Amino acid sequence: MLEQSFLTERLFIRDYRRSDLEEFLRVVRQEEIYATTYGIPRNYTRRRGKWWLKIIRQNKLFGTSLEYAVFLRDSGVYIGNVGLINIAREHLRGDISYYIDRDCMNRGYATEAAQAMLQYGFEELGFHKISGVCMSRNPASRRVMEKLGMRYEGTLRDDLLKDGVYCDIDRLSILREEYFTNSKADQQSFQHRNVE
């Protein structure tokens, strides 16, 4: 399978490797990641981390999800995850997903990484629609999606049970024509390559 990578202004994004396990666990175990994400469990074990790295390779083979490791270009430090998940090829759509290390939050990295995924999804994969969800109590994640030009579709009430409390989930999306109508000046460019 070819390894995919993307370069943005400040980030290097690539397929996960087995050697990424320790850095992945360092970030995904952060309380801030657990508290603000839709599907990451608390107390992420090494065993689960190894399993997840295998699953994302299988998902890529089946074309159901594409998840990538995000690194700072200048230092090579792993800072999080970005991807297109829940891909439905027959409907030409998928969902954006992302999280960023707590020490790198509020610097625009999530938006920059997610913009590369939108560009990849629309310009190379030919998607018609890309959606995203976040807990209503996570306005920072919603702001990322709004910066991408995504529009609010609605709130799923009490859709997620987390730590014994039901949480509302906001859903946003952007359509292909909306993406291409947005000013190109507002869209970050990236370089994409496949490496054997």
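## Basis of the model

The model is predicted, so local features need pLDDT of at least 70 and side-chain atom pairs count only at pLDDT 80 or more, while totals for chains, interfaces and linings use all residues. Residues are numbered from 1 along each chain as its sequence is written, and side-chain values use heavy atoms, with hydrogens and water left out.

## Overall fold

The chain has 6 helices and 9 strands. Its radius of gyration is 16 Å, close to the 16 Å that the globule rule gives for 196 residues, so the chain is as compact as a globular protein of that length. The radius is taken over C-alpha atoms, and the rule is 2.2 Å times the number of residues to the power 0.38. Along its principal axes the C-alpha trace spans about 45 × 45 × 35 Å. Helices (H or I, at least four residues) and strands (E, at least two) are DSSP runs, numbered from the N terminus.

Of the 196 residues, 48% count as buried. Buried means under 20% relative accessible area, exposed over 50%, and partly exposed in between (1.4 Å probe, protein chains only). Among contacts (heavy atoms within 4.5 Å) with a separation of 6 or more, residues 24 or more positions apart account for 63%.

## Nonpolar cores

A nonpolar core is a set of buried Ala, Val, Leu, Ile, Met, Phe, Trp, Tyr and Cys residues joined through side-chain atoms within 4.5 Å. The largest one holds 35 residues, and Ile-13, Leu-84 and Ile-96 touch the most other members. At least two residues each come from strands E2 (11-15), E3 (66-72), E4, E5, E6 and E8 (165-175) and from helices H4 and H5. H4 gives the largest share of this core, 9 residues. A second, separate core of 16 residues includes Val-28, Tyr-44, Leu-53 and Ala-69.

Leaving aside residues up to four places away in sequence, Ile-96 touches residues including Gly-83, Leu-84, Ala-114, Ile-130 and Met-150.

## The largest pocket

The largest pocket has a volume of about 1,100 Å³. On a 1 Å grid over the protein atoms alone, a pocket is an open set of points where a 1.4 Å probe fits, with protein on both sides within 12 Å along at least five of seven lines; lining residues have an atom within 4 Å of a point. Grid points are joined across faces, edges and corners, and the volume is the space filled by probe spheres set on the points.

The lining has 46 residues, of which Thr-37, Tyr-38, Ser-97, Tyr-98 and Tyr-99 lie nearest the pocket centre. These 46 residues divide into 26 nonpolar, 14 polar and 6 charged. Here Ala, Val, Leu, Ile, Met, Phe, Trp, Tyr, Cys and Pro count as nonpolar, Asp, Glu, Lys and Arg as charged, and the others, Gly among them, as polar. Elements that each supply at least two lining residues include helix H1 (21-28), helix H3 (46-62) and strand E5 (93-100).

## Single residues

Most residues other than glycine have a negative phi. Asn-43, in the loop between H2 and H3, has a positive phi of about 55° and is exposed at 66% relative accessible area. Asn-86, in strand E4, has a positive phi of about 50° and is partly exposed at 47%.

Ser-136 is found in the loop between E6 and H5 and is partly exposed at 31% relative accessibility. Ser-136 and Ile-169 are 33 residues apart in sequence and 5.2 Å apart in space, C-alpha to C-alpha. Beyond residues up to four places away in sequence, Ser-136 touches Thr-155, Asp-168, Ile-169 and Asp-170.
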